[in-house]
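This report describes the arrangement of helices and strands in one protein. The structure is shown first, and the description follows it.

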Amino acid sequence: MNGRRRKMSVIGTIDSVKWLTVYELVMCIISLFVLTVYAVPIKKYSRWFDFLPSVGVLAAIASILSGDMTLLALIIESLTLIVFLCTIRRLFKPKVWTAPKKKAFRIVRSVICVCGVVPIVFALANAGVLRYNPVSDFSGMSYSKAFVAMNERLSREYPFGEWKKIDWNERRSKYEPIFKQAEKDKDFDLYYKTLREYLSSLRDGHIKIVNDNVYDGNTVFKKEVGGGFGLSTIQLDNGKVFVSLVLENSPAAKSGIKLGAEIVAWDGKTGKEAFDQTTWSENNMATDEVKRFNQGRYMVRAPIGKEILVEFRNWGESEPTRTKLMAYDDQFETLKKTKIKLTQADLDASPIEGEILANGYGYVKIKHFLPNSNVTSPEKSLADLLKMFQDRHAKGLIIDLRNNPGGEDQLAANLAGFFVKEMKHYEYVSYYNRYTGKFELNRNEVVKVKPAKPNFDGTVAILINSSTGSSGEGMPLVLKGVPNVKIVGFTSTAGSFGLMSSPIEIKMPEGYVIQFPDGRSLNQNKKVQGDADQTAVGGAVPDIKIPLNEETFKASMMDGQDVELQYAIEAMKK
């Protein structure tokens, strides 16, 4: 969800020519030349000039046939067509060039021509974000050939291959034989699971099979993890696995498993072994912290009807209990209850809510960074809250970004502006250039954090977790290190800060459509920021990392306390 607004510049706009296709470039040159000639009439008439708009139309037709249906192309093609229609008479009735005799008509025509240049300037200024990124259609190939073709394209264009030190030849050697086996045996299940495993191995939360609705109609997903036992788990820092959710009247509840129980053994393995060996998830996971969150959800899933032996120890008990559990079709209830997702009500309401807590601290919840034209602008909402906090002499401020999935980076930068006293760098942006075969800066896409009023210079604590993702990671990344700001959380943010401006899209056999990020976010030193590296570490790291031990587990999961909030307040007291 990393949407960006652009910072335009003359140099950046000229530099944006590198993002145009050959057809778009031809159309721009022809339209610009024709409009210039009409605005400043030439005295010498040349017959070939009358055919230029027709050449532009041919380029437009070629552009459409090549599959380029981006907004950028449509703007340029539309202008090309308008110029052609306005000059078509000269194709059939050539005559010596004459400017309008009346000065007023000459001025009007010149103004119209100048106005015609505006779409070209707009297209160039936004060419990086709106550029054509061709869809690769490998759906008609065999499983293995489609995989090899996908791996080959990603080896050139995936933004984080070098950052994550991905060995593309090793990936091919590992997975191509399995895809060949799947096509030989006509084994769809093996194909699907291998495709998922390959995508997961890239460790990027922005990679997704866009048309894979795992909860609805995915037979392999249902077959593998469609059964639940009525519980979900969490792994503490010491490796112990504790029950974090128990559904009423479920097999787990009927067997005496209670919230806070330790899973000593699960299906022939220790609780820790079962947890660590869990691989399924409905989404890709960039960091080990995100992975552990999902392992806790999926460790306790199994094929419907599977019976397992469980050894557990309820909280406060000294002796473990053994029981048998059978997986039932719970319609993925434990997964849905533990999956963080914005509701329509969240999207319809203001993304920012706040209040003064009873202890005198200000509290602001930012649910997402998606703009909504139906409500007060987030900038104004936050400004009003900060003014109120200042008027009432709040002791400090907690900004809650937990479970924030992102949205628009410019909005995140704007909101961060209330907490800085001088301009700060938010990001440079880099995309793959098809002409040079390299990643290059898009000079018209630079985001800065500008100081905004009212400036809040009191102590600030920002709450994060592993579900703080994409643009949601922007504020903690840019404000980390500001003297009066502390980042607080059990984990770092999600570590998936790449761009999805014009995603790499690949069509694979069996109808699957896969999207990959297409750009990098770079810090002021022009190094990748936010995205997890080859060690699966990334995102905004807490200044105050809360231990996940028996004490904090009990307080948060069993007693319903907001442990992160308590840690944030304690941090601001120091």
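The coordinates come from a predicted model.

**Packing of helix H2**

Helix H2 (residues 22-39) packs with helix H4 (residues 71-87) and with helix H3 (residues 52-65). The table gives the geometry of the two pairs.

| Helix pair | Axes | Angle | Crossing |
|---|---|---|---|
| H2 and H4 | within 10 Å | roughly 40° | left-handed |
| H2 and H3 | 9 Å apart | about 155° | left-handed |

An angle over 145 degrees counts as roughly antiparallel, and H2 and H3 are therefore roughly antiparallel to each other. On the H2 side, this contact uses Tyr23, Val26, Met27, Ile30, Phe33 and Val34. Their counterparts in H3 are Leu52, Pro53, Val55, Gly56, Ala59, Ala60, Ala62 and Ser63. By class, the residues of the contact of H2 with H3 comprise twelve nonpolar, two polar and no charged.

H2 and H4, in turn, are therefore oblique to each other. H2 contributes Glu24, Met27, Cys28, Ser31, Val34, Leu35 and Tyr38 to this contact, and H4 contributes Leu72, Ala73, Ile76, Glu77, Leu79, Thr80, Val83 and Thr87. The residues of the contact of H2 with H4 divide into ten nonpolar, three polar and two charged. Met27 and Val34 of H2 take part in the contact with H3 and also in the contact with H4.

An open sheet of four strands has the order E2-E22-E23-E3, with mixed pairing. Its edge strands are E2 (136-137) and E3 (208-209), each of which pairs on one side only. Two bridges in the antiparallel sense connect E3 to strand E23 (residues 513-516). Within this pair, Lys208 has Gln515 in E23 as its bridge partner. Helix H8 (residues 143-157) lies across E2, strand E22 (504-507) and E23, and runs at about 175° to E22.

**The three-stranded sheet**

Another open sheet consists of three strands in the order E9-E4-E12, and here the pairing is antiparallel. Strand E9 (301-302) and strand E12 (328-329) are the edge strands, each pairing on one side only. Strand E4 (residues 227-228) is joined to E12 by two bridges and runs antiparallel to E12. Gly228 has Tyr328 in E12 as its bridge partner.

**Strand E7 and its partners**

Which strands pair with E7? Strand E7 (residues 262-266) pairs with strand E10 (residues 307-313) over four bridges in the antiparallel sense. Strand E7 is also joined to strand E8 (residues 269-270) by two bridges, and these two strands run antiparallel. Ala265 figures in both pairings: Glu311 in E10 stands opposite Ala265, while Thr270 is the bridge partner of Ala265 in E8. The hairpin of E7 and E8 has two residues between the strands, and Asp267 there takes a positive phi near 55°.

Definitions and conventions: Residues numbered from 1 in each chain as written. Predicted model: local features only at pLDDT ≥ 70, side-chain atom pairs only at ≥ 80, totals over all residues. Heavy atoms only, no water. Axes fitted to C-alpha atoms, helices over the stretch in contact; angles between N-to-C directions. Parallel < 35°, antiparallel > 145°, perpendicular 65-115°, else oblique. Left-handed = near helix turned anticlockwise from the far one by under 90°. Contact = heavy atoms within 4.5 Å. Nonpolar A, V, L, I, M, F, W, Y, C, P; charged D, E, K, R; others polar. Pairing = 2+ DSSP bridges.
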